[in-house]
Amino acid sequence: PPKSSRAKAPPPVARRYALDGESLFTRFSDQFTPFLTLPIGAQDAIKNEGRFNGTVLRLPLRQTGSLISGFAPDAFCMAVALKTFLSTARSALVFSTTLRHLMVDHWPADLPADE
């Protein structure tokens with residue numbers, strides 16, 4: 001096959017950060033705060049055990065679009081999407097060797113941190 005005249009792209013640069021110590025959460029607080037403030041015990045688990053046994057997918061809902069995306073679903077559209085996701089995900093649990101539990105929750109933005 002003919003060779004491309006384009007220069008070969010450099011390999012991607014990846015970094016791995018350990019989840020121990022508070023420095024990571026301080027250094028990247030804008031990335032961690034939305035997850036650590038959810039009432040699921042992630043902050044305590046990471047602080048006490050150095051890990052959180054779970055995967056959290058956070059779907060922030062907006063009333064209007066943002067600079068990144070104009071997508072701003074209403075509550076009905078999100079309810080339909082989440083119900084579809086749950087029905088599909090349940091069948092995926094049958095074939096999963098690591099996923100044991102699936103939970104979808106909603107925390108209103110005005111919910112006090114201790115509730």
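The model is predicted; local features require a pLDDT of at least 70, side-chain atom pairs count only at pLDDT 80 or more, and totals for chains, interfaces and linings use all residues. Residues are numbered from 1 along each chain as its sequence is written, and side-chain values use heavy atoms, with hydrogens and water left out.

**Exercise 1.** State how many helices and strands the chain has, and in what order its elements run.

*Solution.* Helices (H or I, at least four residues) and strands (E, at least two) are DSSP runs, numbered from the N terminus. The chain has four helices and zero strands. From the N terminus, the order is therefore written α-α-α-α.

**Exercise 2.** Determine which elements have the lowest and the highest mean pLDDT.

*Solution.* pLDDT is the predictor's confidence in each residue, from 0 to 100. The chain averages 76, and 83% of the residues score at least 70.

**Exercise 3.** Find what share of the 115 residues is buried, and what share of the contacts with a separation of 6 or more joins residues 24 or more positions apart.

*Solution.* First, buried means under 20% relative accessible area, with a 1.4 Å probe and protein chains only; buried residues make up 9% of the 115 residues. Next, contact means heavy atoms within 4.5 Å. Of the contacts in the chain with a separation of 6 or more, 17% are between residues 24 or more positions apart. Finally, the accessible surface (Shrake-Rupley method, 1.4 Å probe) comes to about 10,500 Å², of which 58% belongs to carbon and sulfur atoms.

Key: Buried means under 20% relative accessible area, exposed over 50%, partly exposed in between (1.4 Å probe, protein chains only).
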